[in-house]
Amino acid sequence: MTYRRTRSRRTTLAATLAVLALGAAACGGGEEAAEAPAEEAPAEEAPAEEAAAGGLESCPETVVVQLDWEPEAEHGMIYQLLGSPYEVDTELKRVRGPLVSSGEDTGLDIEIRIGGSAVGFQDAQSLLYQDPDITFGFGRVGETMTTQGDLPVISVMTTMEKSPYSIYWDPETYPDAETIADLKDENVTVLVGAAGLNVWVNYFVAEGIWNEGQADFSDSPKPASFIAAGGDVAEAGFATAEPYLYETLLADDWGKPVKIALIHDTGFEEYFQSLTVRPDDVTEKADCFTALVPIFQQGIVDYVANPGPVHDVVVDLVTQYDTGWLYDLGTAEYAYDGMLELGILGNGSDGAVGSFDTARVEGLRDIIAAVTDFDVAGLSADDVVTNQFIDSSISLP
């Protein structure tokens, strides 16, 4: 499949910048601004326009984002940037269309590639090194630390302030359990699954949150194993998905609430979905990232303000890809509500959306060094994350 934009990137970008400049002028308050001579405005605004144009013009004509999973609301800020018309490649499981920011065409395209079965369950960090066309890959900062020696990446923005990864259990079976640590008293088996590094499990044992051996790493089928246990076991999964699955989509098999507790709240503060890039690109594409990362930040703000159209796109892509991934509008809306209620979508400690707290990153590094055999002690936060391209003025209300 080939897909080409017929409009000139330069012409479209210039038009977009003109609209944005007019908007900025209209928003400027005060009598002094109102009385300024009209002919002076272009001269004052030209340097900013040139800087923005130069930044985006230095970007690849198609910005390629490799996701970590199938289409879902947790990727809402990425799909927020996908304009119409978009073209779906049902064979390669990717979508391409105009890259828009707050409804304005940037003159670039964005191509969004899904993860999971479509890429043989490879992580985006590996795919970044296999395909130079990929601009950004979704990655967990804690996991990228452990492979910096072989596949170094730097995260330039986080799309979530907290990880949605959680433990959940049946509150009827364990009515006294309010936190993850409470499951230790009754030595509740927790279905963790075989995938991933699961460093947080080692952390739980080291901190005394769990007993050693409490985690079940068998590759048991999900959700069948949890349901078959009839409430005797707990399970690891996403606070933004599984509770809705069990209570609503599997109403005939389970049909009741589960109690949720975020792993983040135990002190294992993973940056779950960060935008990672190859280290050389931090320098070589600095002008591009300076212009582009704030657009991604704004994507979070715009998605939170109006999620409906994004959810329609997500469900449309799930239907067209037809991988067996089940996802409907109800699931998307539940995820959206959960991300806001649990603080999964939020501003960083500095007040900007998408920024990293370097002390938190180094705390994560210290945990990994203490509870695993990975040699990460020599890494600094600057080796794995940067706020260099973050616009501190962009935040969620």
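**Cavities and a helix with two partners**

Modeller: Searching the whole structure turns up three cavities of 30 Å³ or more. Keep in mind that this is a predicted model. The largest cavity has a volume of about 40 Å³. Its lining includes Thr158, Thr159, Met160 and Glu161, and also Ile344, Leu345 and Gly346. Ile300, Val353, Gly354 and Leu396 are lining residues too. By class, that lining splits into six nonpolar, four polar and one charged.

Now for the helices. Two packed helices are described by the angle between their axes and the distance between the axes. Take helix α13, residues 329-341, with helix α12, residues 308-321: their axes come within 9 Å and cross at roughly 135°. That angle is why α12 counts as oblique to α13. The crossing is right-handed. On the α12 side, His311, Asp312 and Val315 make the contact, and they meet Leu329, Ala332, Glu333 and Tyr336 of α13. Sorted by class, this contact has four nonpolar, one polar and two charged residues.

Helix α13 also packs with helix α9, residues 242-249, at an angle of about 135°, and here the axes are 10 Å apart. So α9 is oblique to α13, and the crossing is right-handed. Pro243, Tyr244 and Leu249 of α9 touch Gly330, Thr331 and Tyr334 of α13. In this contact there are four nonpolar and two polar residues, with no charged ones.

Key. Residues are numbered from 1 along each chain as its sequence is written. This is a predicted model: local features need pLDDT of at least 70, side-chain atom pairs count only at pLDDT 80 or more; totals for chains, interfaces and linings use all residues. Side-chain values use heavy atoms; hydrogens and water are left out. On a 1 Å grid over the protein atoms alone, a cavity is a set of points where a 1.4 Å probe fits but cannot get out, and a pocket is an open set with protein on both sides within 12 Å along at least five of seven lines; lining residues have an atom within 4 Å of a point. Grid points are joined across faces, edges and corners, and a volume is the space filled by probe spheres set on the points. Ala, Val, Leu, Ile, Met, Phe, Trp, Tyr, Cys and Pro count as nonpolar, Asp, Glu, Lys and Arg as charged, and the others, Gly among them, as polar. Axes are lines fitted to C-alpha atoms, for helices over the stretch in contact, and angles run from 0 to 180 degrees between N-to-C directions. Helices (H or I, at least four residues) and strands (E, at least two) are DSSP runs, numbered from the N terminus. Angles under 35 degrees count as roughly parallel, over 145 as roughly antiparallel, 65 to 115 as roughly perpendicular and the rest as oblique. A crossing is left-handed if the near helix is turned anticlockwise from the far one by less than a right angle, and right-handed if clockwise. Contact means heavy atoms within 4.5 Å.
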